[in-house]
Amino acid sequence: MWTDTLVIGVASSALFDLTESHAVFDEYGEDEYRAFQEAQYEEQLAPGIAFPFIRRLLGLNDLATGQSPVVEVIVLSRNDPETGARVMRSIETHGLPMTRAVFTQGRSPYKYMPAFGMKLFLSANPKDVAEAIGLDFPAGQVVGSVGDLAADDPDDRDLRIAFDFDAVLADDSAEKVYVAEGIEGYHEHETTMAEVPLPPGPMKDLLAAINRIQDLEDARAKDDDSYARRLFVSIVTARNAPAYARAIKSLKSWGLRVNDGFFLGGWEKSSVLEILKPHIFFDDQMSHLEGTRSLVPSVHVPFGVKNS
């Protein structure tokens with residue numbers, strides 16, 4: 001295992017648009033689904049919600065300075081190896097440098113995340129994601145329809161990643177105070193605790209791995225004045241003053257950083273994200289994603305009190 005490599009697991013349902021394939025399975029069953037996938041083997045699957053994120057992430061492998069890749073993406077799929085062959089063929093024809101796969105016929109594949117040291121599992125299957133989160137595995141459910149999103153620009157090499165803060169990068173302890181004591185009690189608590197870092201949440205280690213890639217970009221830019229950094233990270237959170245101070249303190253105490261911070265105090269996140277245009281946005285509340293899912297690739301992280 002390459003300890004410095006960011007390893008991500010992605011289900012075929014997140015990487016590709018499987019609407020037609022799922023319809024065949026739901027209407028006709030597994031045998032017809034198998035025959036359909038075999039007949040369509042050379043028919044390239046269209047990109048799914050996570051495709052732009054994965055494509056750009058893999059593109060950062062040109063920063064590698066040794067034998068270890070910067071990023072590896074592994075397919076984690078409920079398909080069996082036979083029906084999964086079309087997925088691997090489409091990965092090949094799309095030119096994605098992905099060679100590893102785990103196919104577990106009809107069973108949840110997330111249990112293999114520790115074997116590869118994965119920092120993230122993306123899937124469209126809410127049950128798989130919820131079970132993974134329940135085992136403290138970093139996972140998220142892609143939501144919405146790829147048909148509702150603007151076409152991905154293949155000439156745009158930047159990768160913009162946006163995170164909500166509470167119950168995503170941090171744990172949900174502050175949200176528990178909000179639920180129990182309301183907005184006034186929450187602000188009083190966060191002001192009192194402003195210098196006390198929050199415990200990390202499910203996506204903290206992912207941000208750490210992303211920061212390490214940004215360190216590689218910094219080193220490249222130092223040696224090459226013409227190098228343009230491509231990887232940018234933002235937090236987009238409902239926190240505002242005075243609660244924003246604890247978020248900043250927590251990031252600093254973890255040794256982590258972001259490029260941009262949006263402390264919105266209840267303002268619609270979608271209005272900011274429509275301009276920011278991240279290639280993936282992680283949030284713990286599905287209600288927030290209702291306004292973002294048609295604008296940017298959105299991921300539900302079903303962690304914490306708001307999901308209990």
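Two residues are in contact when heavy atoms of theirs lie within 4.5 Å of each other. Keep that in mind for the views below, and remember that this is a predicted model.

**View 1. Threonine 83 and the residues it touches.** Leaving out residues up to four places away in sequence, threonine 83 touches Tyr33, Arg34 and Gln37. Where does threonine 83 lie? Look in the loop between strand S2 (71-77) and helix H5 (85-93). Threonine 83 has a relative accessibility of 5%, and it counts as buried because the cut-off for that is under 20%.

View 2. Now check the ends: H8 spans only 14 Å between its end C-alpha atoms, while a straight helix of 20 residues would span 28 Å at 1.5 Å a residue.

**View 3. The buried side of the story in H8.** Which residues of H8 are buried? They are Ala174, Glu175, Val177, Gly185, Tyr186 and Glu190. Helix H10 (244-253) is included in what covers these buried residues.

**View 4. A nonpolar patch on the surface.** Here Tyr178 teams up with Val179 and Ile183 to form a nonpolar surface patch, and together the three have about 270 Å² of accessible area.

Terms used: Residues numbered from 1 in each chain as written. Predicted model: local features only at pLDDT ≥ 70, side-chain atom pairs only at ≥ 80, totals over all residues. Heavy atoms only, no water. Patch = residues over 30% accessible without salt bridge, like charges linked within 9 Å, V, L, I, M, F, W, Y side chains within 5 Å. Areas by Shrake-Rupley, 256 points an atom, 1.4 Å probe, with all protein chains shown as cover. Salt bridge = Lys/Arg side-chain N within 4 Å of Asp/Glu carboxyl O. Helix = DSSP H or I, 4+ residues; strand = E, 2+ residues; numbered from the N terminus. Expected span 1.5 Å × (residues − 1). Buried < 20%, exposed > 50% of the residue type's maximum accessible area, 1.4 Å probe, protein only.
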